Amino acid sequence: MNRLIWIDGQLLPRLEARVSVFDHGLLYGDGVFEGIRQYNGRILRLDAHLKRLFDSAKAIRLDIPLTAADLGRAIEETIKANHLTDCYIRVVITRGVGPLGISPSGCLKPTIIIIADTISLYPAEMYESGMAIITAATPRISTAALSPKIKSLNYLNNIMAKWEAIDAGVPEAVMLNQQGFVCECTADNIFITRGGKLITPPEESGILMGVTRGIVLELAEKEGLTAMQQNLTRYDLYTADECFLTGTGAEIIPVTSIDKRKIGSGAAGDITRRLIAAFHEFVRRN
Ligand code: PMP
């Protein structure tokens, strides 16, 4: 599909949308990004995504040369130019072109890219039957080194864990923090249920504060479920009644085995199914 890509204010055919080899986003992974989704002609939680993007940029001292409103309009423009009604939007903001050497001080203008396209992260049948995951030996990097709340262009830590999943023949891996508590998967947040209660690791465990995670917590409340944000161990995962992952790309996907331990009955659980149904209803109307 010959999509039009928004790059530094211009909409260009995909083969003409290029960045410089001197862009520090490429040379050093110096930049931030967002993954956003549009359902039924409307963007889901655009404000929350823009807030996270601007906070990520602020945290790495990158001044985005557009207001959030302008960027929101550029996103809408990109979607419209591609005639999309249900799509995935990737916004990338790099430090921009600069001299060799990691110093960001010579990068005078951030590069801004908006891609709108379709996405399917996992095979459709996994949303019914659930997926097997493993625990990665690669821990999440220390929050003191780089906050996982920053959605930066540095995904190598997660990619190393993803390799472990690929080697184990499963689609995802759960990562633990420096204390050995459960954080999140390589690109999704994680939830379990136990005794009818929903539990997900807290902000302090060192996670990306997922927009989908937030929506699931809201939906759980509407569904009358008790939801808790608590540290989890691998034992808690292995002995959970149900488990599922959340993310903009992944939406809500059931997990039915972890490190070869069957979760609950080994099928997508009732609470997971209820939340998936509530999520689809919610995004349809949002
Ligand atoms: N954790 C990580 C590491 C992620 O990259 C993502 C986004 N793909 C998530 C969690 C889920 O966040 P969101 O629901 O905002 O997409």
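The centres of domain 1 and domain 2, taken over C-alpha atoms, sit 26 Å apart. The domain assignment, automatic or from a database, puts domain 1 at 4-117 and domain 2 at 126-285. Keep in mind that this is a predicted model, where local features need pLDDT of at least 70 and side-chain atom pairs count only at pLDDT 80 or more, while totals for chains, interfaces and linings use all residues. Residues are numbered from 1 along each chain as its sequence is written, and side-chain values use heavy atoms, with hydrogens and water left out.

**The domain interface**

- Domain 1 brings 26 residues to the contact and domain 2 brings 21, with contact meaning heavy atoms within 4.5 Å.
- About 1,800 Å² is buried between the two domains, and carbon and sulfur atoms give 60% of that; buried area here is the accessible area (1.4 Å probe) that two parts lose on being put together, summed over both.
- Phe33, Arg45 and Arg52 supply 34% of what domain 1 buries against domain 2, more than any other three residues.

- The rule finds 2 salt bridges between domain 1 and domain 2 (a side-chain nitrogen of Lys or Arg within 4 Å of a carboxyl oxygen of Asp or Glu).
- Arg45 also forms a salt bridge with Glu218, with the closest N and O atoms 2.9 Å apart.

**Domain 1's side**

- Helix H1 (24-28), strand E3 (31-39), helix H2 (46-59) and strand E5 (87-94) each supply at least two residues of the side touching domain 2; helices (H or I, at least four residues) and strands (E, at least two) are DSSP runs, numbered from the N terminus.
- E3 gives the most to that side, with 8 residues.

**Two residues up close**

- Gln38 lies in strand E3 and counts as buried at 3% relative accessibility (buried is under 20% relative accessible area, exposed over 50%, partly exposed in between, with a 1.4 Å probe and protein chains only).
- The side chain of Gln38 reaches the backbone nitrogen of Asp86 at 3.1 Å.
- Glu251 is in strand E14 (residues 251-258) and is buried too, at 12%.
- The Glu251 side chain makes a polar contact with the side chain of Tyr39 at 2.5 Å.

How values were computed: A polar contact is a pair of N or O atoms within 3.5 Å; within protein, one must be able to donate a hydrogen and the other to accept it, and residues adjacent in sequence count only if both atoms are side-chain atoms.
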